Amino acid sequence: MSDVLLRIADPAVGAVLGGCGAVLTARRRRSLIGPLMLLACGCWFLGSIWSIALFVHRGPLVHVHISYPTGRIRRPLAVATVICVYLTAVVEALARNPWVTLGTAFLVALAAADIYARTSGPARKAGGPALGAALAFATVLALSAADQLLLWPYDRLVLVLYDLVVAAVAVLLTLDLLSGRWTEATVADFVAQLGDRPDTSTLTTAARRALGDPTAEIGFWLAEKHSYVNDRGAPVKPAVDATDRSVVEIDDDHGRPVALLIHDGSVDQRLTTDVTAALNLALGNARLRADVRAQVTELGRIRRRLVEAADLQRREFETALADGPQRRLSNTARLLAQASANADPGRRASLEAAQQEVATAQVELHELTLGIRPPALEAGGLAAALPPLTRQAGPTRVELHVASQRLPPAVEGALYFVCTEALANMAKHAQASEAAVDVSVADDAVTARVTDNGCGGADPAGTGLRGIRDRIEALDGTLTVRDRRGGGTTVEARVPINEAPGVEEQS
């Protein structure tokens, strides 16, 4: 029965090797696995008709197992193993020696394990079938050696098992290489490694892992220099005459250069194509994010310019009021006072009534001026403008600490109105007995903090605080409103400034 199986198995295995090799040679031209299987097939049939060449097929078979899926090997141990197997396979005396066979099995398993251990992530997934194939072949070689050394009566059974393993491994590797399963897993992992916000170093590292090529390099196109640079900014100049390197140019939808991928020419073509497509998508997303960031930055600059322009208009309006209506009302009040002093009693009453109207207009105009931008803020900054504001807080005792440093006008105006709104809300709703206003400059930013010991309940979405928040955020600042544990409210605004020299503190 065993003899019959052997007579059927030998040509069947040769046919399987030949068929798998032919299919892979036609379908996976960038891989050498197909030609190596064809070589194994030729050696297999040669050994069937010429006994001296019986073991020659071991060389290309081990080459297939260790070099899958590209057919090329670079690890020193793997190179030494393949050379050793080729040499011992062509020397019949060595090939028939069970100790040499056992050593060959151990060397094949060690080389395959070395290759697998030195890979990680998607490259390890791709190397799984190669490791399995090498270990299976090493196992049947070890069984063959053990059968001879231990004088087992299973010679034919071991030969049948050997044939089955060779055929099964050839079919499985062929199906795996054709299906692209490991390629899809590798590309999926590659995309996952890129994450949501890949940088240039992330792209290069992920591409090397996905391709299993530590020498792979990505050149990023710089239009102003009209050249490619790597993630360290060094120029990338591909060697066009290097036969062992492949160069893939990546263009955008308009045909403009985006990047350059340089990798080992032995990398599977399908894997390279898929990785390049994923890389192009990642670079496109990065460009879109960069455009959005640029637009957001420009929008922030526009908002800041609007706030600064509005603040400048307020200052000009306040100056115009002081030089115009306020001065004229003061002159009118003075003239009315003179006229009333010299008028007869009958007219004095009407003049005094006119004086009262003028005084009321002056008060209302002064309050309007304070709502726009108080003169003290223009003249002396927050250190001059905040003390009068805290004195108007009614019965609430307000402790004030303010840096005397002058700030940009837009920043001073925004922080002044933060304090105004916080103190006004406290007076109306908080029922606080104590409050504190602190304005400090540190770490290139100014912080204004207003706290009270009232009942809390400030609404950040209210009209007043929402308007203040818009002003602060337009200056790239932040506004936080929170109720403290145990009662009270804290309103804090922080605005970056260009420089923060030494400050003095007034109380």
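**Figure 1. Overview of the predicted protein chain.** In the protein chain, residues 24 or more positions apart account for 65% of the contacts with a separation of 6 or more, where contact means heavy atoms within 4.5 Å. This is a predicted model, in which local features need pLDDT of at least 70 and side-chain atom pairs count only at pLDDT 80 or more, while totals for chains, interfaces and linings use all residues. Residues are numbered from 1 along each chain as its sequence is written, and side-chain values use heavy atoms, with hydrogens and water left out. The protein chain has 17 helices and 10 strands; these are DSSP runs numbered from the N terminus, with helices being H or I of at least four residues and strands being E of at least two. Of the 507 residues of the chain, 41% count as buried, a word that stands for under 20% relative accessible area, whereas exposed stands for over 50% and partly exposed for values in between (1.4 Å probe, protein chains only). The chain exposes about 26400 Å², of which carbon and sulfur atoms supply 58%; accessible areas come from the Shrake-Rupley method with a 1.4 Å probe, and for residues only the protein chains shown count as cover.

Figure 2. Rolling a probe the size of a water molecule over the atoms shows where empty space is left. On a 1 Å grid over the protein atoms alone, a cavity is a set of points where a 1.4 Å probe fits but cannot get out, a pocket is an open set with protein on both sides within 12 Å along at least five of seven lines, and lining residues have an atom within 4 Å of a point. Grid points are joined across faces, edges and corners, and a volume is the space filled by probe spheres set on the points. The count comes to two cavities of 30 Å³ or more, and the largest cavity has a volume of about 50 Å³. Arg-58, Val-85, Thr-88, Ala-89, Ala-95, Val-100, Thr-101 and Thr-104 line the largest cavity, with α4 (76-90) and α6 (98-117) each supplying at least two residues of this lining. By class, the lining has four nonpolar, three polar and one charged residues; Ala, Val, Leu, Ile, Met, Phe, Trp, Tyr, Cys and Pro count as nonpolar, Asp, Glu, Lys and Arg as charged, and the others, Gly among them, as polar.

**Figure 3. The second largest cavity and its lining.** The second largest cavity has a volume of about 40 Å³, and its lining is made up of Leu-17, Met-37, Leu-61, Val-64, His-65, Val-166, Val-169 and Ala-170. The elements that give two or more residues to this lining are α3 (58-67) and α8 (155-179). Sorted by class, the lining of the second largest cavity has seven nonpolar, one polar and no charged residues.

Figure 4. Helix α2 (residues 33-49) has 17 residues and reaches 25 Å from its first C-alpha to its last, close to the 24 Å expected at 1.5 Å a residue, the expected span being 1.5 Å times one less than the number of residues. Among the buried residues of α2 are Met-37, Ala-40, Cys-41 and Trp-44. Thr-174 has its place in helix α8 and counts as buried because its relative accessibility is 5%. Leaving aside its neighbours within four places in sequence, Thr-174 is in contact with Cys-20, Leu-24 and Met-37.

**Figure 5. The second largest pocket.** The second largest pocket has a volume of about 550 Å³ and is lined by 19 residues, of which Leu-54, Phe-55, Ser-144, Leu-159 and Tyr-162 lie nearest its centre. Two or more residues of the lining come from each of α1 (2-27), α2, α5 (92-96), α7 (122-149) and α8, and α8 gives the most, with five residues. By class, this pocket lining has eight nonpolar, five polar and six charged residues.

**Figure 6. Val-446 in strand β7.** Val-446 lies in strand β7 (residues 445-452) and is buried, with a relative accessible area of 0%. Not counting residues up to four places away in sequence, Val-446 touches several residues, including Leu-407, Val-439, Ala-493 and Ile-497. The C-alpha atoms of Val-446 and Ala-493, 47 residues apart along the chain, are separated by 8.2 Å.
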